Structures are given as structure tokens and as C-alpha cells.
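I opened a notebook page for this protein.

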Amino acid sequence: MKTILDIELANKYNSVPQKIRVLTETWVDKEIFCPNCGCNVDSYKNSKPVADFYCPNCNEDYELKSKKDKMGNRILDGAYGIMIKRLQSENNPNFFFLNYGIKNYEVQNFVVIPKHFFTPEIIIKRNKGIPNRPNYIMCSIDLLSIPQSGKIFYIKNGQIENKNNILKNWQKTLFLREEKKISAKGWLLDTMNCVDKIGKKEFKLDEVYAFEDILSKKYPSNKHIKDKIRQQLQFLRDNGYLNFVAPGKYRVS
Ligand SMILES: [Zn+2]
């Protein structure tokens, strides 16, 4: 995998956004494989409103966003209302995020966020609308509220990750697609985030219970937070995301 964007390609374009678009799209088209099946992705020739790339083998769709300089914790995106509406639809694409160096046009980070990690919670309103269209609120995607397993890196801080690991990491969370109800998915993602925060390969049930206060603030009508936590852990275990080691003890797969 080459990590340098081909700057020559941008010469014939005048506007900076257009230049960046051409550089990044050409690079993805050449270098990136579908994380679901390993085939090379293709770009939609006539830009589709919701996606930039697709896999000719398994039909997954991908939208590309890019950012120069530092990766940061937020990805700027389009209109808030449209984004929220898209989350409910079947053709919501997965997300590619490309971050390149400002001086050398080298890809520093490239990550795919599977579409099943998108919930309204990670879509943040940006304060300012477009001038003259004050009701037109734009949004950002909050990377911090997505569990680690929902950020699958191809390139991390300039280091290329192993293809087999990328494919494996993708398969690991596909079970979330079965969970169509956003509220049920929210609980699962919250629990995955708690496990991330514990930050250990092996952890105890009590360590997840420590998040009870935070979760009960988030779900004030739920009076059985601990039961709910246990239920989520069990679901994650049934789907191979966690292993059961001993009573009250789990391991991240
Ligand atoms: Zn594919």
C-alpha cells in the first residue's frame, strides 16, 4: 500500500476542495479494499448522493471524508437533519475517514467506521448554520463516542495495519446490524464504551457496574441499570465479542 497522495493529479483543478477531492478519491480507489470481503472498492462514477465508493463483490457502500493535519475527535459532515434521517434508512453507507499530512500529502490515518456504529448520539450539531440559511444546521461525527471496535484502522499514525486483522475486526461487530432498534443498540454501544474505558483485556462485572451512575443519568427512567448491564454483557458474549472466563469475569475477544 502506497501512502503518498499523487499531487500531480490535482494540477488541473483550481479550487482547493476539488483538488483534495481528486487526490483522496483516486488514492482510495487505488489502495483500499472492502473490509467486508477484501475486494478492491470502486468509486461511483456519477456521484451518488449518499456514497462515494462501493464494493463490486458484496455491495457495501462507503462515504469518504478527509481532513488535513491532525486527525482530531470530530469529522465535519453535512446537514444535521439529513444525517439523522439517513441513520434510519437501509442505504446508509459505511464511513471512510482519511487524514493526511499538511506538508507531504502522506496519509497518516485511514479508518473505516461501519455503518452499524452510527446512532443519533454520535451526530453532533454544529452551532453555526449557513449564512442566509439560519435553519440549516450542519453536523459533525463525534469519534470519541464510538467504541474502539467501531474504528477500524488501515493506517494508524503512518503505520499500515495487517489486512487479515482489518477483515477480522470488521467481522467482529457485524452482529450489531441485527439490532435494528436504535435504543437497544444504544445500550450495547454504551456497554462497549464502558469496557473500552476499563481498558483491560480481562475485567470483572463490578468494574462495569462502576458506570451505573453515569448510565442512570443517561437513562433516568430505567431503574434496573445493573440488570441491563448484565444483559448487554451476555448479548456481547453470545455474539463472540466477549468471552466468559468465570462467574462475574469476562475477557475481550
Ligand atoms: Zn466487499
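**The sheet**

I looked up the sheet and found seven strands in an open, mixed arrangement, ordered S1-S2-S3-S5-S6-S9-S10. The edges are S1 (42–43) and S10 (159–160), each of which pairs on one side only. I noted that strands are DSSP runs of E of at least two residues, helices are runs of H or I of at least four, and both are numbered from the N terminus. Two strands pair if DSSP finds at least two bridges between them.

I noted that this is a predicted model, where local features need pLDDT of at least 70, side-chain atom pairs count only at pLDDT 80 or more, and totals for chains, interfaces and linings use all residues. Residues are numbered from 1 along each chain as its sequence is written.

**One edge and a helix**

I checked S1 against S2 (residues 53–54): they pair in the antiparallel sense over two bridges. Phe53 in S2 is the bridge partner of Ser43. Helix H1 (residues 16–31) packs on the sheet and touches S1, S2, S3 (61–68), S5 (94–100) and S6 (107–113). Contact means C-beta atoms, placed from the backbone, within 7 Å.

**The whole protein**

I recorded seven helices and 13 strands for the protein. Its C-alpha trace spans about 65 × 45 × 35 Å along the principal axes. Of the 253 residues, 26% are buried, that is, with 20 or more other C-beta atoms, placed from the backbone, within 10 Å of their own. Among contacts with a separation of 6 or more, 51% join residues 24 or more positions apart.

Technical notes:
Contact = placed C-beta atoms within 7 Å. Axes fitted to C-alpha atoms, helices over the stretch in contact; angles between N-to-C directions. Buried ≥ 20, exposed ≤ 12 C-beta atoms within 10 Å, placed from the backbone.
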